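The tour below goes from one selection to the next.

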Amino acid sequence: MSVLLLAGCASPSLEDYRDRTPALVPDQFFQGSLTARGVVKDWSGEVIRTFDAEIEARWAPDGTGTLDEVFRYDDGEVDTRVWTLTPEDGGYRAEAGDVVEPGFMEWRGNAISMNYVLEVPYGDGTINVRMDDWMYLITPDTLINETAMSKWGIPVGEVVLVIQRQDGQ
């Protein structure tokens, strides 16, 4: 019984997705114009915000990627984030202005995993929240992204979104 309980606590491994298709290659999927729609949930799972986003993605000859994101929330807030993805150790070092602890993006099969610390507005200030990001390519043009948010190891929320490549990419 204890083995079953421990197995239930185990997180998925990126290796579990090695043979899944369609293959998700970041510099191929994240290219040109993309759109996203999603929800932000609080610690209890209640949807507290919805958003649409536009993403412009490009890659330099040295393999460095830039994802320029503009989020428009249902409460009127507009937020931007510019990711720089720098090749490192077979993956990418992922940095952005509000990312206080850069992530390392790895991928296998149809999945990407990335873990980083994001500075988010809270009350009159900000707090740092750990983001455990998992992305799954469902079709060549559709990706589902789930991000678990935690503070001191305690779940505080979740972001779920669908990213869609635009026609003609």
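Which residue in β3 is the bridge partner of Asp52? Select Asp52 and look across to β3: the bridge partner there is Arg72. Before going further, note that this is a predicted model, in which local features need pLDDT of at least 70 and side-chain atom pairs count only at pLDDT 80 or more, while totals for chains, interfaces and linings use all residues. Residues are numbered from 1 along each chain as its sequence is written, and side-chain values use heavy atoms, with hydrogens and water left out.

**Stop 1**

Strands here are DSSP E runs of at least two residues, and helices are H or I runs of at least four, numbered from the N terminus. Two strands pair if DSSP finds at least two bridges between them. Select β2 and β3, which run antiparallel and are joined by nine bridges. They form a hairpin with five residues between the strands, and Gly63 in that turn has a positive phi of about 95 degrees.

Gly65 has Leu85 as its bridge partner in β4. Four residues separate the strands of this hairpin, where Gly76 takes a positive phi near 100 degrees.

In a regular strand, side chains alternate between the two faces of the sheet.

**Stop 2**

A salt bridge is a side-chain nitrogen of Lys or Arg within 4 Å of a carboxyl oxygen of Asp or Glu. By that rule the count is 14 salt bridges. Return to Asp52 and select Arg37 with it: their side chains meet in a salt bridge, 3.1 Å from N to O. Arg37 lies in strand β1 (residues 32-42) and Asp52 in strand β2, so the pair links distant parts of the chain, 15 residues apart.

Arg37 is exposed because its relative accessibility is 56%, and Asp52, at 37%, is partly exposed.

Next select Glu77 and Arg49, another salt bridge, at 2.5 Å from N to O. Glu77 sits in the loop between β3 (65-73) and β4 (78-88), and Arg49 in strand β2, 28 residues apart. Glu77 is partly exposed at 30%, whereas Arg49 is buried at 18%.

**Stop 3: aromatic pairs**

Rings of Phe, Tyr and Trp (its six-membered ring) pair if their centres lie within 6.5 Å; planes under 30 degrees apart count as stacked, over 60 as edge-to-face and the rest as tilted. The whole structure holds 10 aromatic pairs. Select Trp59 and Tyr92: the ring centres are 5.3 Å apart and the planes stand at 50 degrees, so the pair is tilted. Trp59 is in strand β2 (residues 47-59) and Tyr92 in strand β5 (residues 91-95), so the pair ties together parts 33 residues apart in sequence. Trp59 is buried at 19%, and Tyr92 is buried at 8%.

Then select Phe71 and Tyr73, a stacked pair with 6.3 Å between centres and 20 degrees between planes. Phe71 is buried at 10%, as is Tyr73 at 15%.

**Stop 4: Arg165**

Select Arg165 with Asp141. The two form a salt bridge whose closest N and O atoms are 3.3 Å apart. Arg165 lies in strand β11 (residues 154-165) and Asp141 in the loop between β9 (125-139) and β10 (142-151), so the pair ties together parts 24 residues apart in sequence. Arg165 is buried at 9%, while Asp141 is partly exposed at 35%.

A charge sits over a ring if NZ of Lys or CZ of Arg is within 6 Å of the ring centre and within 35 degrees of the ring normal. Lys151 gives another case, its charged end 4.8 Å from the ring centre of Trp152.

**Stop 5: around Ala111**

Finish at Ala111, in strand β8 (residues 111-122). Ala111 is buried, at 0% relative accessibility. Leaving out residues up to four places away in sequence, Ala111 touches Leu14, Tyr17, Leu24, Glu106, Met135 and Tyr136, where contact means heavy atoms within 4.5 Å.

Two of these contacts lead on to groups. Tyr17 and Tyr136 form one aromatic cluster with Trp134. Glu106 is linked with Glu15, Arg18 and Arg108 in a network of salt bridges.

Key. Buried means under 20% relative accessible area, exposed over 50%, partly exposed in between (1.4 Å probe, protein chains only).
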